[in-house]
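Dear colleague,

Please find the structure below.

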There are 2 protein chains.
Amino acid sequence: MSSDLGEWLAGSGPDSDIVMSTRIRLARNVIRYPFLSRIEDEEKSKLERFLRRELELASIGEVSYQNLDEASQLDRDCLVERHLISRDHASGRGDRGVALEPEGTLSVMVNEEDHLRIQVLRSGFQPSAAWRHILGVDQALESRLDYAFSPDFGYLTACPSNVGTGMRVSVMLHLPALVITKKLKKVFNAVSKINLAVRGFYGEGTHSQGDFYQISNQITLGRSEDEILTSISDYVPSIVEFERNMRKRLLGESRRAIEDRVWRAFGLLGQARLISSEETMDYLSAVRMGVNLGLIEALTIAEVNEMFLHTQPAHLQKHCGRELDSAERDASRADYLRERFAKL
Amino acid sequence: MSSDLGEWLAGSGPDSDIVMSTRIRLARNVIRYPFLSRIEDEEKSKLERFLRRELELASIGEVSYQNLDEASQLDRDCLVERHLISRDHASGRGDRGVALEPEGTLSVMVNEEDHLRIQVLRSGFQPSAAWRHILGVDQALESRLDYAFSPDFGYLTACPSNVGTGMRVSVMLHLPALVITKKLKKVFNAVSKINLAVRGFYGEGTHSQGDFYQISNQITLGRSEDEILTSISDYVPSIVEFERNMRKRLLGESRRAIEDRVWRAFGLLGQARLISSEETMDYLSAVRMGVNLGLIEALTIAEVNEMFLHTQPAHLQKHCGRELDSAERDASRADYLRERFAKL
């Protein structure tokens, strides 16, 4: 499974000790078709075929298209776990799909909430590179498609919260030291003052798992793309510094306690016979910090990220080649982890 | 340290998968001296010298006598951790002592609550053997000493609760499966109906640690020694069977969950960098059950028992050769365990 892990899980980008990934998505709709909340099934299918063809013809790089209505639940869930489609897109109905670049950097959802949701996902903190990439894709599509656009409002979207730029920039941060030192609230208060939002590991409405937090812009209207990018680019490095300083302070003031947390997690992951997804995320989070702090040398960040992904329910079932109930997953997850840790 | 571990920790006695040890103690006082609650310091010292000499001259086996007022706090605490003297005897004041047989099977406390507290401690479930041993010691002493004895009441003791036989039989049981299956209350209710008491790992007033429970007789008056022994000998095997059946049932019905508990404990003991005495007892308890169930093959019961003992505060400090505060002990305990587990 590791060969198709995707660029963003490699842990190779800038600041990847703390920034897991940078994501930009653009919401776009085309004229002559109603928004998806008002579309008839037949027209929705027609729209999908149209957009699919346009995606295949546009100069947006090597992408392969997948109709999600024809895909299995498990395959759809795997795409969610890789952050390539949304949960809503996976559980939706009717003709819809996704165009994927092999590395997982670019994905374009068709018939999600909007006709098109273009996404670029990059390892570490790379807002500018992600922006250049997605801008190229957007322009290539715009040269072929008539986007629904108003000179007054900007890009028109199904939900008013996306009108304007239709852009959301999200940065996934790994903040275990801020969690341990109880400084997160301070960060979140500051974040909300500059109109940034904080979410859990799988976006809107999800809880934090494994000390991962997504920071993203709230406002899409009345601000330019550059202003949105600047607010993220200005603010995220200060959170990264804060987390780094807290890690240093923890190592200085309570090295034993940090080592204890990291190695207990290591011991549990290597020995448990039943382990939930949530517990796994929490322990892998501690191990990830341990690798970054140089406490654990037997593992790389890419390997830890891979374990994060492979222990998610859908990937686990894919790995076993069959559907598993929750108890079977907990056993199978423990077996997978034990096998990985036994080699260390 | 392992060479002087003592017979009772070897884990070699009958039913030692569940019965850690069988202990009998007799409370005795001699005439011509007041009870210790009413004695003057000078007379107490005289009494100690007198009893020490008698213990050295009596035919009670090879014993060495130690005055506890001259011993260090650490040495006294080590004796408590080995269950050779009581906490009260360790923390008492004035001339008092203990006669010890090298194997730790026999100990005789001088000037504890009573003039003499004779104790025999045996591995596993051995009430008859312990009784034969202590009876021999008691008779050897009685042939030299004038015990305070009333034809109406029997042996007279400082506290009325010991009058009569002055005998307490205690069996230390390891009952993790009854704890997991929440059956303990049932056992304890039954136990109290037949006038047996349940206590924690270090006797009266202490909490259970590591799923260890002491069952002992409540009543010393109006019952013969044989009757007391019979009540224990009749009842303990049914608790042992109950625990064994629950272990079997757990293995049958939720093998994964039991393996998980056992191996998580194994993983934590092998990787923690800070660990309290209580946590250690709990995890060693799970590991002990794992060894007995054949889930863990890399360890013997004697080794687990040894770790129980060596991770207690006083033994730990003895091992390090200096006094340690609580945080230092938690670190040093983790280091000791990690070293032991690294060899497995």
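**Helix packing and the chain interface**

In chain B, helix α10 (residues 313-320) packs against helix α11 (residues 326-342) at an angle of about 75 degrees, and their axes are 10 Å apart. The two helices, α10(B) and α11(B), are therefore roughly perpendicular to each other (angles of 65 to 115 degrees count as such). Axes are lines fitted to C-alpha atoms, for helices over the stretch in contact, and angles run from 0 to 180 degrees between N-to-C directions. Helices (H or I, at least four residues) are DSSP runs, numbered from the N terminus.

This is a predicted model, in which local features need pLDDT of at least 70, side-chain atom pairs count only at pLDDT 80 or more, and totals for chains, interfaces and linings use all residues. Residues are numbered from 1 along each chain as its sequence is written, chains are lettered from A in the order in which they are written, and side-chain values use heavy atoms, with hydrogens and water left out.

Turning to the interface, 18 residues of chain A are in contact (heavy atoms within 4.5 Å) with 19 residues of chain B. Chain A and chain B bury about 1600 Å² between them, 55% of it on carbon and sulfur atoms; buried area is the accessible area (1.4 Å probe) lost on being put together, summed over both parts. On the side of chain A, Arg256(A), Arg264(A) and Arg273(A) lose the most area to chain B, together 41% of what that side buries.

Four salt bridges are counted between chain A and chain B, where a side-chain nitrogen of Lys or Arg lies within 4 Å of a carboxyl oxygen of Asp or Glu. Glu279(A) forms a salt bridge with Arg264(B), with the closest N and O atoms 2.6 Å apart.

With kind regards

Notes:
Buried area = accessible area lost by both parts, 1.4 Å probe. Parallel < 35°, antiparallel > 145°, perpendicular 65-115°, else oblique.
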